[in-house]
Amino acid sequence: MEAVQQKKRVLAIDFARGTSVILMMMVHTMLIYGTIATQTNTVLGEIILWLGRGTTMFLVSMGISFVLSRRQSFLAVCKRALYILAVGYGMNILKFLVPEFIFGGLPEAFISAYGLQSGTLQTGIFFLLLGDILQLAGITLFIMGLINHFSKSKYVPLIVALVIISISKELSGFRVGIVGLDYICDLLFSNQFNVYFPVFPWSAFILIGMFLGRWYKELNENQNLFFKKMLFVGLAFIAVGAILNFSNPEYHFGDYYHLGPGGSILLLGTNLVLYWFVNIIVNLFNENNPVFNLLAFCSKHVTSLYVIQWVLINWGMYVLGFWQHDQWFVLGLFPVVIATSIGIQLVYNQIKIQLKSKWSKNSNELIVNS
């Protein structure tokens, strides 16, 4: 989630991450507004289900971008991690608690889907502490900061990632039985849907990105060579992952949000091969075109767009309902959600510029007057 320096920008990374931002808006729109039958028994539902696997590409991009970031000191990384965590829990407040006060409660169908009751303290705490991708990113940034502080070898994040992948399924659901500490365990090892992206195994995808970012630097930022090597790594991962999944599909890939080692390795390999393919695509076109500019914009503002689209979609439940629409209605919502989210981001950017300009002007006036 760190901004990459302009001189080091890798267009394929921007393209992939920007595309994943657009896809996640479509996936979340389907998950909230589409009926269960729409999500599971329609062509559009099946397509969106598989597009949701693009989360992996987003996480790998985060790891690569971290290496290319200017902010590499341990203190700077820790500050960024705390900021991301604060944004994650702030998003929960905006998504769930604020509309509950404004609209008098979350939609009953939505509450029931989680097996909860509306208007209770337990429900409020559950949604406040709900673990999502921002909690994963914040915690993983701490891990990356430690790795960065103690070792510059590209193999350290790779080894840590592979260890995490290999033991995640065995640790899935681990708790110590102490209130408070159990929530920390859930952020790390959850096998329930109070945490969608537990650190084990999902942090491994970001750490693989960190390995790739260091490898890219070792190759003197030779992009074509880098993506060719990524292709071979991806094919090797696919082969290993496919064998493991064939041996026990339920254990390795039965639950997308709580993957076994075979599922994680297969997803990683597939996305690395996709990166190679994306690099071929972007090399065929002039990067100064509207599509690439849009995706670069989404890539640059990935954190705020993630918050904006989720808040927009969740608040939309009070108008459009939850799990109530067919595939054609949901399909029509895709451009609305995408355009509105980007529009809000543009307005937000303008407000930030104006406030920064005003603050700078006031500061200069104070200096002159003093």
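Cys-185 is buried (under 20% relative accessible area, where over 50% is exposed and in between is partly exposed, with a 1.4 Å probe and protein chains only), at a relative accessible area of 8%. Cys-298 is also buried, at 0%. The structure is a predicted model, in which local features need pLDDT of at least 70, side-chain atom pairs count only at pLDDT 80 or more, and totals for chains, interfaces and linings use all residues. Residues are numbered from 1 along each chain as its sequence is written, and side-chain values use heavy atoms, with hydrogens and water left out.

A search of the whole structure for disulfides, meaning pairs of cysteine sulfur atoms within 2.5 Å, finds zero.

Cys-298 belongs to helix α15 (residues 290-300), whose buried residues also include Phe-292 and Leu-295. Helices here are DSSP runs (H or I, at least four residues), numbered from the N terminus.

Turning to charged pairs, the structure holds two salt bridges, each a side-chain nitrogen of Lys or Arg within 4 Å of a carboxyl oxygen of Asp or Glu. One joins Lys-154 to Glu-218, with the closest N and O atoms 2.9 Å apart. This pair links distant parts of the chain, 64 residues apart: Lys-154 sits in the loop between α8 and α9, and Glu-218 in helix α11. Lys-154 is buried at 9% relative accessibility, whereas Glu-218 is partly exposed at 46%.

Asp-186 and Arg-175 also meet in a salt bridge, at 2.6 Å from N to O. Asp-186 lies in helix α10 and Arg-175 in the loop between α9 and α10, so the pair ties together parts 11 residues apart in sequence. Here Asp-186 is buried at 5%, while Arg-175 is partly exposed at 47%.

Definitions and conventions:
Helices (H or I, at least four residues) and strands (E, at least two) are DSSP runs, numbered from the N terminus.
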